[in-house]
Amino acid sequence: AMSYVGGFLMLMHDEETSVAMMRVLNGNPKYIPGYWTTEAIAFATDAYVFLPLLEAHEPEVAKLLKEKFCIMPETYLQKWWVALCIQSLPFELGVVYLKHFFEGGYIFLFQFAIALHWHFKEKLLAAKDHAEVYSILRLERKVLQETPITEAVFAQALTYSFPDLDIDKARQTAYDTHLKARIERARQLAEEDDDLSDFDDEDEDDE
């Protein structure tokens with residue numbers, strides 16, 4: 001994802017400027033620090049921060065995804081947020097997306113994501129199975145040909161606001177509720193694997 005963003009920026013800027021912009025995106029708390037890492041805990045956390053925002057603004061779609069299909073935002077938002085929609089939007093709209101993103105930061109990610117759910121609402125509500133839902137949420141080519149993303153989606157995105165959002169508190173709650181136990185368990189298993197590997201190495205040395 002990082003390479004897509006870097007490549008896209010270099011279509012408009014020289015290498016030095018593009019690298020500087022990438023550093024800002026990856027380091028400034030206004031944007032997406034921690035999204036471009038192996039574990040991407042920051043991304044997963046924000047995906048769960050997004051869930052109640054979606055429930056507030058597009059409750060019918062949120063209920064469908066959560067209750068009928070058991071689909072959580074963490075499983076499909078990568079292309080929208082980590083890759084900044086660059087793989088899905090035509091060049092001119094990709095430029096518009098980045099413009100709004102540089103202005104609005106992570107808040108614009110939330111806004112545009114809700115607008116995409118709004119844009120594809122009819123398709124999502126008519127979807128018959130998980131495969132069809134994911135084809136929509138992953139913005140597959142056929143879906144975009146049938147229901148192209150236009151500037152109207154950007155206009156819709158900018159109508160959403162989150163005046164009551166305390167991002168630090170929301171992120172802590174999202175992490176504690178949805179991710180903490182899973183991550184701690186994964187790290188525990190990794191440590192156990194390392195211990196077993198060390199034990200095997202000791203056995204080989206003894207031989």
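Predicted model: local features only at pLDDT ≥ 70, side-chain atom pairs only at ≥ 80, totals over all residues.
Contact here means heavy atoms within 4.5 Å.

**How α3 and α7 pack**

- Two packed helices are described by the angle between their axes and the distance between those axes.
- For α3 (residues 41–57) and α7 (residues 106–119), the angle is about 50 degrees and the axes lie 10 Å apart.
- That angle makes α3 oblique to α7.
- As for handedness, α3 and α7 make a right-handed crossing.
- On the α3 side, the residues involved are Asp46, Val49, Phe50, Leu53, Leu54 and His57, and they meet Phe110, Ala113, Ile114 and His117 of α7.
- Sort the residues of this contact by type and you get seven nonpolar, two polar and one charged.

**Glu58, in the loop**

- You'll find Glu58 in the loop between α3 and α4.
- Setting aside neighbours within four places in sequence, Glu58 is in contact with Ile114, Trp118, Lys121 and Tyr160.

**Val61, in α4**

- Val61 belongs to helix α4.
- Not counting residues up to four places away in sequence, Val61 touches His117, Lys121 and Leu124.
- Val61 and Ala155 are 94 residues apart along the chain, and their C-alpha atoms are separated by 20 Å.

Definitions and conventions. Residues numbered from 1 in each chain as written. Heavy atoms only, no water. Axes fitted to C-alpha atoms, helices over the stretch in contact; angles between N-to-C directions. Helix = DSSP H or I, 4+ residues; strand = E, 2+ residues; numbered from the N terminus. Parallel < 35°, antiparallel > 145°, perpendicular 65-115°, else oblique. Left-handed = near helix turned anticlockwise from the far one by under 90°. Nonpolar A, V, L, I, M, F, W, Y, C, P; charged D, E, K, R; others polar.
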